[in-house]
Each structure stands twice: as C-alpha cells, then as structure tokens.
Amino acid sequence: MFQESAALKRVRPSATLAMTQKTRELKRQGRDVLGLSAGEPDFDTPENIKEAAIRAIREGKTKYTDVDGVPELKQAIADKYERENGLHYKPGQVNVSPGGKAVIFNALMATCSPGDEVITPAPFWTSYPEMVLLAGGEPVRAPTTQENGYRLTPEALEAAITARTRWLILNSPNNPSGAVYTPEDLRALADVLARHPRVWVLTDDMYEHIIYDGMTFTSFVQAAPEMYDRTLTMNGVSKAYAMTGWRIGYAAGPEPLIAAMRKVEGQSTSNPSSIAQYAALEALTGPQDFIPERARVFEGRRDLVLSMLNQASGLSCAKPEGAFYVYPSLAPLIGKKTPAGRVIEDDETFVTELLESEDVAAVHGSAFGLGPNFRISYATSEDVLEEACRRIQRFCASLV
Ligand SMILES: Cc1ncc(COP(=O)(O)O)c(C=O)c1O
C-alpha cells in the first residue's frame, strides 16, 4: 500500500495551485469562470528576453552549468543588488535556483534541524510554513492586524522568538496583503533581532518592483546594515519580468549559507535550466523601462478593485501598497446564509460558495494564515476585474 513519508504527512497541498487547477477544470467543462487565484502577471515575457533564450539554444548553451548558476548571471545579480539596492555582494555570495520557491526551499533545507522554528508574519505566502515543515522545522505564526497595515510589529516579533528560533521570513511587498515595510519598520524589527543573535532573516523581495503611490522599496539590509552577516536577500525574475514559467530565482547572503544551499541544490535539482539562466541574464542587463510602466498598470487595477470591493456589503479591504493582490476581510459575513441556505462558516466556505454561485475563483485566507479574508489577484485585464468585482458584490449582497 502506498504511504506518504512522515515529512510529507505534515504538509498541506498548495491552496493557490488547487484553486487554479479547479478553475481550469471548470473552464474545460464550459463554465465562464473568472480565475483570480493565480499569482502571475498577465503580461508576456519581453521579446529581448525570449530572443536571448533562443540565442542560447542556437549557441549550444544547452548543457549542465555550475550548480548554483553561470558566472555571468551571478555577476549580473551582484550588479543588480549594487545598482538597485546599494548592497555589495560578490558573485560567490549568490545562489541561482529553479524559481524563487526553490531558493527558499534550498535555504530552509540547508539550515533547519528538527525543532528549529521559523517565524512567518501572518498573512504569509502560503508556501513558507509548508516548506519549513518539509525541511523538518516548525513554522511559527506571528500575527499582524489590518489596523497595523498587516505589518509585523516589534512587539509581535519579540513575542514569537524563542531559544529555538532560526529564521524570520520577511516579505515586502507582501503576498497576500500588499503591505510594504518602510525603512523605519525594518529598523525597529532589526533592533529586536539585535537582542537575538541566533535568528537570521530571509527577506523575500520578489515583488520589489511592483510598488505604488510613489513609495520606494527598501530591502532589509539597506535599513539594517549590521544584519548583513545573517540575512539572505532573495528575489527572482518571475514577477518583475513576467517570467513565471522560466523558473529562475536568486538570492545573496553570507558565503557559508550560500555554500550550504549549493550542497542541497547539487543533490536535488542540479543547476536551473541553462537556457532560462541566459534569459534571466538578459532580463537583468537589458532594458528596464517597462517595469515601472507595468507597475503603473497594476496600480490602476488596484484602484479599481479596491474601490469596487470596498463597496461590497460586508467586505473591508486595506489599501495594498505593492504586489498584485487584495486581501479583503469578510468578518461581518460569517454566519450568514446563501440563497440556497448554505451557511458561510469561514473564509473557505465563502470562496467555495462564491465559485459555485458566481463562477469567481479566489483563495481563502486561512491558506495564508490570517482570516476570515480572501485573496484575489488583479494581474488580469480590467474587463475581467470589473466583471469579477460585480459578481462578488452581487454574491455578498445575496447573503442573509
Ligand atoms: C512572496 C513570494 N515569494 C516567492 C514566490 C516564488 O516565486 P517563483 O515563481 O519564482 O518560484 C512567490 C510566487 O508566487 C511569491 O508570491
């Protein structure tokens, strides 16, 4: 009889991927489902990047590469950190893995021993705690509040730290809340960490370039330079360059950590795709002007969705400052009934009933560790968003 491993038994499947899969199935059955569950830009990968990949194939760059990335790409990543974040890393301090997800996974596999705790401020990207569990560690949820803009406070951080804490995972702009940490927020967290030298920081800067209202992005070490020797600064090309399918993520940090991550990568995936690495090299060294242009498009969509959802009865939505998600609270709707008599018991029944009655696919907040909320991604056209928000408004109004 088939048996899952003990490690896998502790892990939940990805709710985001499950909802995206369900949307595809319903569409195949002919239903007019509006899928707002997937976290990927609807834009295409720019032509110059595609051309670089085709060139790499033609030039025969189709063999195994160095495990954690080709030297040209590592140099380009070090240059990116210098140029955009004012952070100094040598190419030997850089890791390239098959996607941002793999970077985080490799870091956790390389560092978590049984019982080690990893703090994830909630709401969090749904994969962090599950990856911690796979790596043998223990995820620790540090709650935030809507009043605080879903940002971790120094008090909540202090309360979550124990003698077993190994990592704090910070994510700004945040998936799913859209919260962006200011330099002062980061400084205050670093002051807490100064008292806990065993705790390292993994800063997930994946949405760095998708930021609104004239805010500037600050990476953790920029605000707290003394944390350089215990921070992994992670990023990737998936969101900024619309390259989710290419699977390239990267990070920079202290050499011993990077070497340990290389050991994990070397015994699991080996190198990321050689072709995708040359595409990422072009992404990081080619024209960058389309990035802020796309961010402005996302900002317009954010404004549309925010205003329409805040008009839906029972929903309240904090203003996202970055990324491409909104995360409305639906607390007043808990306990209400659909016209068919089904009770909205929690955010999971809310998204199930929303899909059933209005063909709108969203993801329930409990998958992100804080609810009752739900997440929709606005990385899709304004027409689809307007129609989806109208359906959500109608669904909320129908609850009694
Ligand atoms: C916060 C965050 N970090 C990391 C990732 C992983 O990105 P990648 O597709 O490069 O694995 C995602 C993807 O959704 C994300 O939302």
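Predicted model: local features only at pLDDT ≥ 70, side-chain atom pairs only at ≥ 80, totals over all residues.
**View 1. Strands β3 and β4 run parallel.** β3 spans residues 117-122 and β4 spans residues 138-143, and six bridges join the two. Within this pair, Thr120 stands opposite Arg141 of β4.

**View 2. Arg164 and Asp116 form a salt bridge.** Their closest N and O atoms are 3.2 Å apart. Arg164 sits in the loop between α7 (154-160) and β5 (165-171), and Asp116 in the loop between α5 (100-111) and β3, so the contact ties together parts that are 48 residues apart in sequence. Arg164 is partly exposed, at 37% relative accessible area, whereas Asp116 is buried, at 3%.

**View 3. Asp185 and Arg151 form a salt bridge.** The closest N and O atoms are 3.1 Å apart. Asp185 belongs to helix α8 (residues 183-193) and Arg151 to the loop between β4 and α7; the pair links distant parts of the chain, 34 residues apart. Arg151 is partly exposed, with a relative accessibility of 21%.

**View 4. Asp303 and Arg302 form a salt bridge.** Here the closest N and O atoms are 2.9 Å apart. Asp303 is partly exposed at 37% relative accessibility, while Arg302 is buried, with a relative accessible area of 1%.

**View 5. Asp32, Glu386, Glu387, Arg390 and Arg391 belong to one network.** These residues are joined by salt bridges that share partners.

Definitions and conventions
Residues numbered from 1 in each chain as written. Heavy atoms only, no water. Pairing = 2+ DSSP bridges. Helix = DSSP H or I, 4+ residues; strand = E, 2+ residues; numbered from the N terminus. Salt bridge = Lys/Arg side-chain N within 4 Å of Asp/Glu carboxyl O. Buried < 20%, exposed > 50% of the residue type's maximum accessible area, 1.4 Å probe, protein only.
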